[in-house]
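User: Can you walk me through this one? I'd like to start with the helix packing.

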Amino acid sequence: MQVKVTDNSKIFKAAKDQAVMAALAAIGEEAAGNAMEELTEQDAVDTGRLRNSITYATKQHTEAKSFSWQEGAKSGAPGGSGTTEPKGTPEKDTVYIGTNVEYAKYIEEGTSRSAARPYLKPAASEHGDEYRKIAENILRNA
């Protein structure tokens, strides 16, 4: 009798990594949509430029080429709204939502003349159960 052992761990790891990336992308899409809804609900939409610019980024997902995840980036600075290349790269197994519109921070945090109308933070923090279900569904069916 012969017994042959085959190491398929690389195949399983690749499938797991692919499922995780699919889950992050699905969560990113949902979170970006939630941020857009928050803006609309708060009547913070004038031209739609900010709302339409909201997107997401993961380490492998590059749809958001103009997304800036540099805190307080200035227009024209690396990672700011004047560039099409993000500063840095999202960490592995992480999804970021955001925008490259220069006035986005003032809507989110407010100014001395206008009250804050947060849309990114609530989109990220108030839908945890929803995002968890998305991830569980994708990972369970992978």
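Analyst: We'll take a helix pair, then the core, then a loop residue. Keep in mind that this is a predicted model.

User: At what angle do α1 and α5 cross?

Analyst: Roughly 150 degrees. The axes of α1 (residues 9–41) and α5 (residues 128–140) come within 9 Å. Angles over 145 degrees count as roughly antiparallel, so α1 is roughly antiparallel to α5. The crossing is right-handed.

User: Which residues make the contact?

Analyst: From α1: A19, V20, A22, A23, A26, I27, E30, A31 and N34. From α5: E130, Y131, I134, A135, I138 and L139.

User: How does that split by class?

Analyst: 12 nonpolar, 1 polar and 2 charged residues.

User: Now the largest nonpolar core. Which members touch the most others?

Analyst: A35, L39, L50, I54, I97, I107 and Y119, out of 21 residues.

User: Which helices each supply at least two residues?

Analyst: α1, α3 (104–109), α4 (120–125) and α5. The largest share, 7 residues, comes from α1.

User: What does L50 contact, beyond its neighbours within four places in sequence?

Analyst: L39, T99, V101, Y103, A104, I107 and Y119. Of these, L39, I107 and Y119 are also listed among the core members that touch the most others.

User: Switching topic. Where is Q60?

Analyst: In the loop between β1 (55–58) and β2 (95–98).

User: How exposed is Q60?

Analyst: Partly exposed, because its relative accessible area is 49% and exposed means over 50%.

User: And how far is Q60 from E91?

Analyst: Their C-alpha atoms are separated by 9.7 Å. Along the chain, Q60 and E91 are 31 residues apart.

Definitions and conventions: Residues numbered from 1 in each chain as written. Predicted model: local features only at pLDDT ≥ 70, side-chain atom pairs only at ≥ 80, totals over all residues. Heavy atoms only, no water. Axes fitted to C-alpha atoms, helices over the stretch in contact; angles between N-to-C directions. Helix = DSSP H or I, 4+ residues; strand = E, 2+ residues; numbered from the N terminus. Parallel < 35°, antiparallel > 145°, perpendicular 65-115°, else oblique. Left-handed = near helix turned anticlockwise from the far one by under 90°. Contact = heavy atoms within 4.5 Å. Nonpolar A, V, L, I, M, F, W, Y, C, P; charged D, E, K, R; others polar. Core = buried A, V, L, I, M, F, W, Y, C linked by side-chain atoms within 4.5 Å. Buried < 20%, exposed > 50% of the residue type's maximum accessible area, 1.4 Å probe, protein only.
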